[in-house]
Structure formats: structure tokens, C-alpha cells
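Welcome! Please take a look at the sequence and the 3D view, and then follow the short tour below.

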Amino acid sequence: MENSTQVVSFVLTMYGNIGNFKYLYFILAMLFYIFVIFVNAVVIVVIYVDRNLHEPMYLILCGLLANEIYGSTSLLPCLMAQILSDTHEISVFYCYIQIFCIHTYASIEYAILTLMAYDRYVCICKPLHYNVIITKRKIQQVIVAIWICIFVEFGVLLSFTIRLKLCGNIIHKVFCSNHLVSQLSCSSNREMSHITDLVFGLVFFVVIPTSFILFTYIKILAVCLNSSKETKQKAVSTCTPHLVALLNFGFGGFFDLITPNFDMTFVPHAVRVISCVYILICQPLLSPIMYGLKLRIFQVWHAVLGGASTPPSLLPAQGSREGVEWV
């Protein structure tokens, strides 16, 4: 076993030397963060204020958008501070906090997208039973359970990393990563940490949700193949926003998982930085804009600000009756 030292901070090397451009990058990052918070908050507030939108599908959407704000906050404030820093150091304590926040954000995101897949499955495949199977109370309980279970489970997993003895403090990324911190370990129980990450992280947070999502879409496809053209068009309209969000998140997550295992020095530095933060930058912006446009939420926002309830013409059709017209 190598000699270990008391590590009090980590150095994030991917920032490099950006010179006086750091002030420009800081302003751009701050404006982007404000915009992300704003667009997510607008959709959440409109859904909360307008009682016509107090339906299970919108509760799921609120849970997704609240998580987008959480995910952005786990990265962007620290990123802005590191842009202005000359040393790009982050204390061990705040590094572990960031690891916890970013990993729980990703897990909650995928869990809610899985819940959305189930919502669409019931809506399209079992429309007559939708109001019995999917209720506001059940959705509230499931969303709360998702947050609690993931917080507790990853808290336990992170405790294995915290107990590791570290032999280095260099992290080749713009934020702290559980995998990269574990690689700095020279503890004898390092392999145990990797095994727990593999079993709980890969199986519970990736394999099981992905299998369930595939099952729901296979069922949806089977129903659509035996349905009318109009039903197929409505199903496509219903599932497209979810599929876009799912594929975007899956692409970003997969790329982030595999890149640490390969030599990426041949890739331009700017591309590596963008790919590193893609999932935490693009997803929190894509979800509110995509679903906001689908719901025409910004027109509803003007109606709410004007003191009127949402005009019926701006409300989406109620899919629990027709079976497929959902966000």
C-alpha cells in the first residue's frame, strides 16, 4: 500500500489557465444559471397557481423541474467560483457535498423519467383505468419516496468513499466525481468501494430503470401498431418530449461514464469541458423549454399574471379520457 497523506483539498485541473477571459466566462455562467432557474420556476409556478393543471402528469413534471434546479445548483455556483479562482482548489468537505448532489440529481432524474414512462404506458395502454391507477396522491407519495430512497442510498455509498485513504488530490474534471476520487485511494478496501458502486449504481440506478422503460415502450408500440392513424399520431405527440429528454439524458450520462476510462488528450480542451458538463447544462434547460412549448405554458403564464384562470383553449386535452394526449 502506498503512503497516504492527509488530503484537505482537491485540485480541479480541467479549468486550466483562462486569463482575463475568466470574467467573461463568469458572467455567462451566472446569466445561464439565472435563466435556468427562471424557466424552470415559471413552469412550476404556473402549474401551482392554476388549479386546472393540478393533475398527476403535471405533478410528475413539477418533480422533474424541481430536480433540474437542484442539479444546476449542484454545479453552476461552484463552477462560477472556480472560474474566478487561480488555484481551482475545492475543499474535501465541499467536494463530497458536490459528489452527493450531482449523483443524487442524476439518479432522481432517471427515476422520474422512469415514472413518466409508466405514466405514458398506463395512459396509452390502459386509458380506462388511468384515473384509478394514477392519482395525485400516489404520484406525490412516489416522488417523495424517490427523493428519500436515493438520498439515503447514495449517502450510504458515499460513506464508503469518505472512509478511503487518499494518496493524491488531482481530479481531471471541472467538478468532483465519486469515481475519480475513488481512483485516488490507496486503501485496502478500495475494491470494495468499486464493487458497491457497480452493484448499487449500475444495477439499481441504470439496469432496472432502463429495463422497465424498454418494457413500457414495447407495450406502447404494440398498442400503436394495432390502433388507428389518429391514435398513432397522438401517441407520437405524447411520447416525443419524454423520449427526447430520455435520449438526451442517456447520451450525456453514457458519455460521462465512459470518458474517464479512455485517454481523451487528443480531444480539444473545449470539447472535453463541454462534454464533461453536458448533462448538467443541457438537461436542466431542455426539459422546461420543451415541456413549456408543449403545454404552451408561457401563454398560460401571461394569463395567470393577468389574474385570469387558464383559458380552455390553452389547456391540453385530458389524456385520461382519450388515452393518449399528454405532455
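## An exposed leucine

L214 is exposed, because its relative accessible area of 54% is above the 50% cut-off for that label. Keep in mind that this model is predicted. You can find L214 in helix 7.

L214 and A117 are 97 residues apart in sequence, yet their C-alpha atoms are 9.0 Å apart in space.

## A nonpolar patch

Helix 7 covers residues 190–225, and F204 has its place there too. F204 counts as partly exposed, because its relative accessible area of 41% falls between the 20% and 50% cut-offs.

F204 also belongs to a nonpolar patch on the surface. The patch is formed by L202, V203, F204, V206, V207 and I208, which together have about 450 Å² of accessible area.

In what order do the three strands of the open sheet stand? The order is 2-1-3, with mixed pairing. Strand 2 (89–91) and strand 3 (170–171) are at the edges; each has a single partner strand, so one side of each has no neighbour in the sheet.

Strand 1 (residues 9–12) and strand 3 run parallel and are joined by two bridges. Here V11 stands opposite I170 of strand 3.

## A helix across the sheet

Which helix lies across strand 1, strand 2 and strand 3? That is helix 3, made up of residues 92–125. Helix 3 runs at about 85 degrees to strand 2.

Technical notes:
Residues numbered from 1 in each chain as written. Predicted model: local features only at pLDDT ≥ 70, side-chain atom pairs only at ≥ 80, totals over all residues. Heavy atoms only, no water. Patch = residues over 30% accessible without salt bridge, like charges linked within 9 Å, V, L, I, M, F, W, Y side chains within 5 Å. Areas by Shrake-Rupley, 256 points an atom, 1.4 Å probe, with all protein chains shown as cover. Salt bridge = Lys/Arg side-chain N within 4 Å of Asp/Glu carboxyl O. Helix = DSSP H or I, 4+ residues; strand = E, 2+ residues; numbered from the N terminus. Buried < 20%, exposed > 50% of the residue type's maximum accessible area, 1.4 Å probe, protein only. Pairing = 2+ DSSP bridges. Contact = heavy atoms within 4.5 Å. Axes fitted to C-alpha atoms, helices over the stretch in contact; angles between N-to-C directions.
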